[in-house]
Amino acid sequence: MKTISVPLSAYPFIAMAGSACCGLSAKAQSAGSRPNVIMIVADDLGYGDLSCYGATRVSTPSTDSLAAHGLRFTDAHACASTSTPSRFGLLTGLYPFRQSGTDVAAGNAGMIIHPDTYTLADVFQTAGYATAAIGKWHLGLGSRTARQDWNGTLDQSPADLGFDYHYIMAATADRVPCVFIEQGQIANFDPSAPVEVSYQKNFDGEPTGRDNPELLTKLRPSHGHDQSIVNGISRIGYMKGGGKALWRDEDIADSIASHAISFIEQVGSTPFFIYLCTNDVHVPRMPHERFHGKSPMGLRGEAILQFDETVRQVTDALRRLGLADNTLIILTSDNGPVLDDGYDDRAIELAAYHRPGGTFRGGKYSAYEAGSAVPFIVCGPGVKHPGTTSAALVSQIDALRSLAALVGVEVPDDRATDSHDALSTWLGRNQKSRPYAVSMAANHNLSLRTDRWKFIPPHAGGPVITWGPVIETGNSPQPQLYDMRRDRQEQTNVAKDYGRVVKQLSEWLEKVKRGE
Ligand code: NG6
Ligand code: CA
């Protein structure tokens with residue numbers, strides 16, 4: 001939804017306080033203090049990557065503390081098993097398959113969520129909250145793909161989607177441009193080094209990982225990732241310039257945490273919503289030097305430790321500012337895990353007995369459970385039975401309508417049409433499952449979960465990814481049905497024994513596709 005433009009002053013958010021009360025229910029308008037909300041979205045963090053979800057080869061005390069004081073979900077799902085479509089679903093309450101072009105986005109993709117779309121940030125802006133998107137974005141920027149003026153002000157940005165403030169990475173750390181974007185402009189812009197970006201061809205005289213492997217001083221690719229070199233690491237795509245604006249991978253987590261904390265400090269007494277997306281544990285994994293040697297799992301383990309430290313930095317700041325009791329934190333991941341995702345960081349070898357997807361089958365990209373089953377912890381005011389777990393089936397698609405219910409915003413019926421209000425479940429007032437959860441694999445195959453079943457329709461293609469990561473796709477020429485109560489590991493396809501269930505779930509999925 002197009003919003004009023006916010007001045008780029010030092011404190012752009014405060015102007016929003018108490019504004020835009022239309023759309024607020026009477027209950028919310030009269031409510032005293034509404035909770036701040038921070039949605040922490042990790043990148044590629046698997047169901048089994050946190051110690052509160054059973055990991056033993058890595059310890060994540062700060063995240064575990066959120067689980068100990070909050071509610072830990074054991075059957076929560078992202079809308080997709082890759083980033084862009086997953087985030088599209090979370091922010092819009094619309095399944096990514098409703099719109100073409102929601103696949104993993106290049107760093108010069110135009111903005112994928114149209115400015116007219118009603119977003120999660122619009123919900124909070126309507127409620128008078130100060131809103132921010134900080135960290136990984138990966139949903140495109142500017143109105144036209146490959147035609148952005150990176151050296152000016154982008155003509156479309158999260159500011160057009162309800163975010164008062166943004167400090168974001170355009171795509172991923174492994175994709176150019178390797179600069180942060182703040183309020184539509186390159187942060188720390190270096191006029192002596194204007195940025196040019198292409199996903200088609202290299203710029204004259206610029207080294208690449210393919211031609212200049214001697215310049216890869218920090219990491220080498222294992223597959224792909226052999227184009228422009230920034231900070232001794234080659235990436236996807238070509239870029240030129242950047243100068244002092246170029247990020248140093250080792251500092252990305254700290255920049256994200258510190259911008260989130262500054263935002264919290266600056267909003268004063270205005271309630272706030274932060275969509276806080278870490279770069280951890282996505283490739284290239286290059287955590288800060290202070291983590292070196294701290295994990296037996298090498299760089300991927302260190303990236304998990306760094307993620308946990310981001311959680312600690314933010315929660316410490318909330319305590320210091322006296323906001324801890326009035327801030328709801330939702331911690332989750334955009335999709336399941338992957339070990340080798342294109343850099344030679346020894347993730348497979350050093351993982352040893354660690355199972356990043358827990359006991360589940362598949363991983364990132366996959367239609368199997370580890371692709372979409374993600375950590376999901378809700379901690380803060382209003383959460384019932386803190387320190388317990390909920391086995392309810394929940395989906396990130398419900399963020400928009402559940403959080404709208406939390407802050408008393410009435411979402412128009414024709415917006416966020418795939419999202420349901422699951423607030424009572426998210427807060428642990430009940431353990432009611434969503435009737436179904438739909439997730440999209442990288443190959444666009446849609447799977448449907450109910451409390452009991454998982455249905456994966458037949459899909460062409462091989463059983464294992466062929467272009468790099470060693471992960472089962474979920475493809476099969478036959479329908480797959482798993483009894484998740486007995487076999488969440490998806491070992492025994494019972495489709496032949498339960499033909500009626502297959503028919504019913506298949507029809508159900510078709511209805512979901514049609515939006516009925
Ligand atoms: C893949 C990349 C992978 C990662 C992924 C997107 C190659 C060979 N692999 O295409 O490294 O960037 O896209 O990940 O290019 S996501 O978590 O942002 O969806
Ligand atoms: Ca991801």
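On a 1 Å grid over the protein atoms alone, a pocket is an open set of points with protein on both sides within 12 Å along at least five of seven lines, and its lining residues have an atom within 4 Å of a point. The structure is a predicted model, in which local features need pLDDT of at least 70 and side-chain atom pairs count only at pLDDT 80 or more, whereas totals for chains, interfaces and linings use all residues. Residues are numbered from 1 along each chain as its sequence is written, and side-chain values use heavy atoms, with hydrogens and water left out.

The largest pocket has a volume of about 460 Å³, a volume being the space filled by probe spheres set on the grid points, which are joined across faces, edges and corners. Its lining comprises 28 residues, and Thr82, Val104, Tyr365, Ala442 and Trp467 lie nearest the centre. By class, this lining has 7 nonpolar, 14 polar and 7 charged residues (Ala, Val, Leu, Ile, Met, Phe, Trp, Tyr, Cys and Pro count as nonpolar, Asp, Glu, Lys and Arg as charged, and the others, Gly among them, as polar).

Helix H6 (residues 298–320) packs with helix H5 (residues 252–266) at an angle of about 15 degrees, the axes being 10 Å apart. This angle makes H5 roughly parallel to H6 (under 35 degrees). Axes are lines fitted to C-alpha atoms, for helices over the stretch in contact, and angles run from 0 to 180 degrees between N-to-C directions; helices (H or I, at least four residues) and strands (E, at least two) are DSSP runs, numbered from the N terminus. Ala253, Asp254, Ala257, Ile261, Ile264 and Glu265 of H5 meet residues of H6 that include Gln306, Glu309, Thr310 and Arg320, contact meaning heavy atoms within 4.5 Å.

Backbone features occur in several loops. A cis peptide bond, with omega about 0 degrees, joins Val176 and Pro177; Pro177 is in the loop between strands S4 (165–169) and S5 (180–182). The bond from Val283 to Pro284 is cis, with omega near -10 degrees, and Pro284 is found in the loop between strand S11 (272–277) and H6. Asp44, although not a glycine, has a positive phi of about 65 degrees.

Note on methods
Chains are lettered from A and ligands numbered from 1 in the order in which they are written. Angles under 35 degrees count as roughly parallel, over 145 as roughly antiparallel, 65 to 115 as roughly perpendicular and the rest as oblique. On a 1 Å grid over the protein atoms alone, a cavity is a set of points where a 1.4 Å probe fits but cannot get out, and a pocket is an open set with protein on both sides within 12 Å along at least five of seven lines; lining residues have an atom within 4 Å of a point.
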